[in-house]
Structures are given as C-alpha cells and as structure tokens.
Amino acid sequence: MENLPWFDLYPDEISHEINADKYPSLVDVFFEVCQKYADLPAFENMGVSLTYRQLDQKSLNFAAYLQQVAGLKAGDHIALQMPNLLQYPIALFGALRAGLVVVNTNPLYTPREMEFQFNDSEVKALVIVENFAHKLEKIRDNISIETVIMTRIGDQLGGLKGSLVNFVIKRVKRMVPSYEYPKAVWFNDTLNKGADLIFEPINLKGEDTAFLQYTGGTTGRSKGAVLTHRNMVANLLQCREWFIGLDSGKESTITALPLYHIFALTVNALLMLHIGAKNILITNPRDMNAFLKELKKHPFSIFTGLNTLFNSLLNQDEFDKIDFKNLKITIGGGMAVQKSVAKRWENTTGKTIVEGYGLTEASPVLSCNPLDGSGRLGTIGLPLPGTEMAIMDEEDKLISVGERGEIVARGPQIMKGYWKQEEETRNIFKDGWLKTGDIGVMSEDGYFTIVDRKKDMINVSGFNVFPNEVEDVIAAHPDVAEVGIVGVEDDHSGEVVKAFIVRKNARLTEEDIRQYCKENLTGYKRPKYVVFKDELPKSPVGKILRKNLRQLEERKAEKVA
C-alpha cells in the first residue's frame with residue numbers, strides 16, 4: 001500500500017497492513033483461542049461463567065447436533081434470534097464450525113419483519129428465545145424453516161437459578177409472555193444429544209460466507225450483506241492491530257450492545273474472544289437498575305457503547321459511584337458521539353470515548369481514533385491498517401482534501417455484495433470503492449469527519465443543514481436529555497428544521513431552546529419547530545431513528561390534508 005497521509009499519524013506500534021489470510025476462517029481463530037485460554041472465563045451472564053474450554057465443548061456438541069440430527073450441511077443458513085445470553089456464543093461458534101451461514105435476527109422484530117428476513121435469507125433453522133416464539137407462530141405457514149430450537153433465559157444455569165436470574169426472567173416475562181412453539185426442540189437438549197454424536201469437521205475457506213448480516217433498513221428496505229470469513233477475519237485483525245495497550249488474557253469487557261448487531265459482533269464477540277478477554281453479557285441494558293448493579297460488580301477494563309447508551313448512563317444518579325480505576329478504553333460507534341456527552345463521560349470515568357466508524361457492509365469498522373490519546377474529538381479518526389478511504393463528489397469522482405462529499409472505502413473487510421440484489425450491489429460500488437452514503441471531509445493529514453447521511457441533509461433556501469450539527473448543539477443544553485432533528489416541508493424555504501426533544505428538566509420551554517440556538521447556530525440552521533416528547537423512537541441498539549420522526553410528520557400532514 002502506498003504511503004497514505006494518515007500513516008504519519010499512526011502510533012509507532014501499529015503496522016500499516018494486516019495479513020487477511022493469517023487464518024483460513026473464523027473457526028481457526030476460535031480453535032486457537034480456546035486452546036490458548038482454555039481455563040479462563042470467556043463469557044459471563046447473570047452470574048454464570050463459561051470458560052473457553054467449556055465454550056469449545058458446548059459449541060462442538062451444538063455443531064454435531066446441527067449436522068447429525070438437523071441434517072444441515074455446510075452453506076445452509078441458520079438464524080439466531082436472541083438477546084445477549086450465554087446461548088448466543090455457543091450457537092454462533094457451533095453454527096460456524098458446522099460450516100453454516102449465520103443470519104443474526106433482532107429478537108424484537110415484528111412477525112412481518114421476521115417473515116421478510118427468514119424468507120429473504122432462506123434460513124433452514126432458527127434458534128429463538130421462547131418469549132418471542134408467539135410471533136413465530138403467526139408466520140409459521142409463510143416460512144420454510146425446518147428446524148426450530150428454542151431456549152429460555154436462564155437455561156445456561158443447568159437448573160440453578162440465582163436471585164438475579166429470577167429477577168431478570170420475571171421482568172422479561174412481564175414484557176413478553178412465555179410461549180412454547182409446537183415441535184420445537186430445546187437448546188439444552190441439542191447440547192446433550194450432540195455430546196453423543198460424531199462431528200465431521202468442515203474445511204472452510206476465506207471466501208466462504210460466514211454471515212448474512214442485514215442492514216438496519218433505516219435508508220429503505222433491509223438488505224443482507226454477504227460477509228465472508230476473510231472479511232470478518234480481516235476486520236478482527238485490523239481492530240486488534242489498532243487496539244494497542246490491551247493485555248491478552250487479562251481484559252474484561254462490558255457487552256451491553258446486542259451481539260446480533262455488527263458492531264458488537266465484531267468488536268465484542270470476535271475481537272474480545274481473540275485477546276482472551278472475559279465478556280460480561282448484559283441481557284437487558286434498558287433495565288438501568290440491574291445494569292448498574294452489574295457494572296458495580298465487575299472490575300471491567302473495556303466498555304463499548306454508543307451515544308444514547310453513554311447518555312443514559314450519565315443521567316443515572318448511581319453511575320458516578322462505579323469504580324472506573326480498571327477502565328482502559330471506551331469505544332463509541334454506531335452513531336456520532338455528541339461532544340457534550342463525550343466530555344461528561346471523560347469527567348465521570350476519567351477516560352475519553354474513542355470514536356470509530358463503520359457500517360455493516362464493511363464488517364463493520366473502517367476507521368477509529370488512536371487509543372493513545374492523540375485522537376481528535378468530533379472526528380471518526382484514521383482509516384484502520386489495510387483500509388483506504390477517500391471522498392467522492394456527486395459524479396463519483398474523487399475530490400480534494402477539505403471538500404465535502406461522500407465517504408468511500410476499500411479494503412479486505414468490505415463485503416462481497418448484497419444477498420440476491422445484484423443491482424443494489426452495483427449501485428453501492430464504484431471502481432472498487434464502497435460508497436458509504438455518509439457525507440464527510442478529510443483533513444490534510446488523514447482524519448475523517450462525518451457531516452451527515454445524504455438522506456438526512458436538510459435544504460433550507462439552498463443552504464444545506466446537517467442534522468448532526470444541530471443535534472450536537474442542542475444536546476449540549478443542560479436541560480436536554482435527547483434530541484432528534486429532521487427536515488419538514490415549508491412553502492417559503494423548501495424545508496425547515498424541526499427539533500424533537502426529550503427534556504431532562506420539565507421547566508425547559510420552547511423559548512429556552514430558541515434562545516439557546518440563536519446563540520449557537522446561524523439563522524437557517526435554527527429549528528423553526530420545537531416539539532417536546534416523552535421519548536424518541538430508537539433502533540434496538542439505541543440509534544435515534546430520524547426515519548420514524550419523518551414518518552410522524554408525514555402522517556400528521558396526511559391528517560391535515
């Protein structure tokens with residue numbers, strides 16, 4: 001790779017390249033770490049720990065069952081639909097060992113969303129938590145899944161349910177009723193039966209598909225990104241090269257983001273596994289009281305999250321009572337980390353949030369700020385080793401440093417394409433570059449800054465307004481808990497800015513916001529409309545969904561018409 005500008009800013013310990021073919025597959029990575037860290041804890045959930053040796057054996061049993069009883073063959077597709085539980089890594093690595101393609105599925109999907117993803121991805125088997133199986137029943141005649149494996153929260157305990165587990169189970173059952181899907185087999189039974197079966201090892205190659213990872217669908221119809229073993233191994237090694245200062249076999253990480261999401265899948269499930277870390281799984285991070293109890297119990301060294309999660313924790317009275325002396329790094333991704341949130345996090349924990357950037361189609365990490373403290377707040381950092389990034393104009397031509405345009409990238413972590421969508425695949429690639437759909441700028445020395453998504457840009461009388469900027473300003477107001485910005489139609493200027501705000505202080509008024517924006521934003525960027533809400537619509541990983549806010553406006557306009 002040529003001498004790209006950002007190389008001059010790399011810490012000395014970081015190489016410019018990685019060997020994406022070091023491991024033939026993720027399974028080879030798994031074998032290595034399970035032998036190297038056999039007796040160390042790999043995952044913990046609800047007070048129950050699973051060592052690397054136990055993870056190896058249980059995943060082997062599950063793989064044997066999938067082969068010998070379910071009759072699944074290498075290349076078949078299996079959906080995993082569960083929150084963060086010990087069953088997830090067992091099922092994940094068992095499926096990969098059997099040569100299956102994993103389709104991660106949000107457990108909170110509606111029956112309609114489940115039906116679309118299961119049919120589109122052509123899954124033959126499904127692992128699902130029983131509390132969500134009532135939704136599966138509604139679509140059973142519309143899908144062709146042959147094997148359904150059900151599990152329960154607490155099943156990993158072998159019948160010994162502690163007070164914390166009982167507490168969580170009761171809370172989940174209050175939210176979603178328990179339901180037993182007809183003819184389903186139980187997860188623990190598959191492990192018991194698999195222990196008596198002979199597993200036939202699969203010879204996996206780098207170009208074999210590991211995941212069909214569906215995009216969030218926030219920009220339209222959800223699409224399955226085809227991620228190969230080589231894609232995932234490459235991104236794993238890129239992250240490992242970048243994350244200096246971590247001690248193999250000695251780290252402990254908090255995993256509150258769902259492992260079915262690409263960020264947590266790569267950084268928490270795979271990277272943390274590769275360094276022999278202890279992974280503390282949080283099943284329901286929205287239950288802040290239980291979450292805070294877990295944080296107080298574990299001397300964690302790594303924390304991953306996104307802006308809304310950081311913000312929610314900071315707004316809890318008990319958060320500043322947590323012991324952060326072991327915390328080494330906090331990684332932020334998934335959405336822009338607001339400056340006010342980042343500063344509050346640093347003041348409380350003593351550690352900065354290291355912001356990175358990526359997307360499902362890139363496995364997902366493309367860039368990250370250095371972990372040595374030399375990063376720049378408000379940027380998405382530098383491209384990872386073996387990654388090239390640039391800026392393209394609307395005519396798909398590379399443009400100069402400092403100019404705004406679409407961020408494009410290329411590297412070994414970039415997906416093969418979209419599943420069964422050749423036209424969409426052609427549209428997202430240009431001359432070997434992946435078009436991210438994000439508007440950004442590159443500095444002379446190689447730092448990239450996100451301006452906004454192309455679809456979210458607001459045009460006010462010919463001037464472009466970027467919601468991230470307006471949100472960043474309003475979020476810094478001491479009485480604002482959350483904010484979402486969208487553009488709405490206006491007869492005079494084409495579009496105007498509308499702010500949806502969740503108050504931290506009930507006395508906050510519309511006039512307070514207007515005065516604050518007048519002090520911090522030029523005229524055309526200030527919200528013309530301010531609406532206070534009790535909560536804002538969010539994705540399962542906590543992103544504020546501007547799409548849903550826009551839909552609220554569209555429905556309101558239809559009623560008026």
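In which strand does Glu406 lie? Glu406 belongs to strand 18 (residues 405-410), where helices (H or I, at least four residues) and strands (E, at least two) are DSSP runs numbered from the N terminus. This is a predicted model, in which local features need pLDDT of at least 70 and side-chain atom pairs count only at pLDDT 80 or more, while totals for chains, interfaces and linings use all residues. Residues are numbered from 1 along each chain as its sequence is written, and side-chain values use heavy atoms, with hydrogens and water left out.

**Buried glutamates**

- Glu406 counts as buried because its relative accessibility is 7%, buried meaning under 20% relative accessible area, exposed over 50% and partly exposed in between (1.4 Å probe, protein chains only).
- A polar atom of the Glu406 side chain lies 2.7 Å from the backbone nitrogen of Gly437.
- Leaving aside neighbours within four places in sequence, Glu406 is in contact (heavy atoms within 4.5 Å) with residues including Ala390, Met392, Lys435, Gly437 and Lys454.
- Glu482, in strand 25 (residues 480-490), counts as buried at 11% relative accessibility.
- The side chains of Glu482 and Lys538 are joined by a polar contact of 2.9 Å, a polar contact being a pair of N or O atoms within 3.5 Å, of which, within protein, one must be able to donate a hydrogen and the other to accept it, with residues adjacent in sequence counting only if both atoms are side-chain atoms.
- Not counting residues up to four places away in sequence, Glu482 touches Lys538 and others, among them Thr308, Asn311, Phe500 and Ile544.

**Nonpolar cores**

- The largest nonpolar core has 155 residues, and those with the most contacts inside it are Phe118, Leu136, Phe211, Phe291, Leu295, Phe303 and Leu313; such a core is a set of buried Ala, Val, Leu, Ile, Met, Phe, Trp, Tyr and Cys residues joined through side-chain atoms within 4.5 Å.
- Helix 9 gives the most to this core, with 10 residues.
- Leu136, leaving aside neighbours within four places in sequence, is in contact with Met114, Phe118, Leu126, Ile128, Ile143, Val148 and Tyr181.
- Another core, of 19 residues, lies apart from it and includes Val470, Val480, Val483 and Val497.

- In helix 4 (residues 111-121), the buried residues are Pro111, Met114, Gln117, Phe118, Asp120 and Ser121, and they pack against strand 3 (77-81), strand 4 (101-104), strand 5 (125-129), helix 5 (133-139) and strand 8 (209-214).
- Ile145, in the loop between helix 5 and strand 6 (147-151), counts as buried at 16% relative accessibility.
- Leaving aside neighbours within four places in sequence, Ile145 is in contact with Phe118, Val123, Lys124, Ala125 and Leu126, and its C-alpha atom is separated by 7.1 Å from that of Leu126, 19 residues apart along the chain.

**Helices 1 and 9**

- The axes of helix 1 (residues 26-36) and helix 9 (residues 262-274) come within 9 Å and cross at roughly 50°, where axes are lines fitted to C-alpha atoms, for helices over the stretch in contact, and angles run from 0 to 180 degrees between N-to-C directions.
- The contact is made by Leu26, Val29, Phe30, Glu32 and Val33 of helix 1 and by Leu270, Leu273 and His274 of helix 9.
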